[in-house]
Structures are given as C-alpha cells and as structure tokens.
Amino acid sequence: MGSYGEQVAAAWLRSQGCVILARNYKSPRQGEVDIIARDHKLLLFVEVKTRQKGAKIRGFDAVTKEKQALIERGANSWLRELRTRQLPWRFDVMEVNVKHGELPEVNHIRDAF
C-alpha cells in the first residue's frame with residue numbers, strides 16, 4: 001500500500017507543476033526521503049503516509065520525531081550532493097487515503113515540521 005501511495009503522491013505533485021527529482025532516496029548516512037521534488041526554485045522533501053480511509057490514526061500523526069530526524073538526514077545528504085545550501089527547501093507530509101473501488105484522497109501538508 002505504501003508504494004501505491006507514493007505513486008499517487010508523485011502524480012499529484014506533478015499535476016501541481018512540481019518536478020520529481022528522486023523517489024525513495026536513501027542517503028549514505030542512514031537518512032531517507034520518500035519524494036524529493038522541485039516546485040520552481042523550492043525543494044520539497046516529502047514524507048508520504050498511506051492509510052485506509054477511516055483509519056483511526058492520521059498519516060501525519062505517524063511522522064514521529066525519530067522519523068523526522070531520518071528525513072532530515074536524507075535532506076542534508078541531498079543538499080551536500082548539490083554542493084549548496086542556498087536553495088530554499090521545506091519538509092512536507094502527504095497523506096494518501098485509499099479505499100478499494102474509490103479514487104484516493106490526497107492531503108498535502110506544507111511545512112509539516
């Protein structure tokens with residue numbers, strides 16, 4: 001289900017004019033980011049959480065401090081590879097809610113942490 005949610009999130013971001021730069025990025029320093037995208041000059045480091053519609057716990061609530069640290073390590077590694085920290089960036093969470101036979105619902109939380 002997670003892979004499907006990431007596909008939905010990437011397609012949604014593209015539909016909003018974003019360019020997908022990487023998916024499932026894993027850094028050598030044990031960081032990871034589900035989607036790295038560019039929205040004009042802004043870099044987006046996106047965590048995708050997929051849930052069944054009606055789940056008791058929101059996807060956003062599953063992005064713990066430990067998970068945030070993992071994403072931050074991945075983002076820092078990506079920025080090191082670019083050899084610049086002059087680009088603006090932010091951390092987003094995308095909740096993808098699915099139910100068999102229905103279109104998924106996407107909730108894009110900007111500046112999530």
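Predicted model: local features only at pLDDT ≥ 70, side-chain atom pairs only at ≥ 80, totals over all residues.
Okay, let's start at Gly17: just after helix 1, this glycine takes a positive phi of about 95 degrees.

Now back up into helix 1 itself, residues 2–15. How far apart are its end C-alpha atoms? They're 20 Å apart, and that agrees with what you'd expect, because 14 residues at 1.5 Å a residue should span 20 Å.

Which residues of helix 1 are buried? You've got Gly5, Glu6, Val8, Ala9, Ala10 and Leu13. And what covers them? The cover includes strand 1 at 19–26 and strand 2 at 32–39, along with strand 3, strand 4 and strand 5.

Let's stay with those last two strands for a moment. Strand 4, residues 89–98, and strand 5, residues 105–109, pair up in the antiparallel sense, over 5 bridges. If you want a spot to look at on screen, find Val96, which stands opposite Val106 in strand 5. Between the two strands of this hairpin there are 6 residues, and here's another glycine with a positive phi: Gly101, near 85 degrees.

Last stop, Ala55. You'll find Ala55 in the loop that runs between strand 3, 42–52, and helix 2, 65–82. So is Ala55 buried, exposed or partly exposed? Its relative accessibility is 38%, so Ala55 counts as partly exposed, since that label covers whatever lies between under 20% for buried and over 50% for exposed.

How values were computed: Residues numbered from 1 in each chain as written. Heavy atoms only, no water. Pairing = 2+ DSSP bridges. Helix = DSSP H or I, 4+ residues; strand = E, 2+ residues; numbered from the N terminus. Buried < 20%, exposed > 50% of the residue type's maximum accessible area, 1.4 Å probe, protein only. Expected span 1.5 Å × (residues − 1). Contact = heavy atoms within 4.5 Å.
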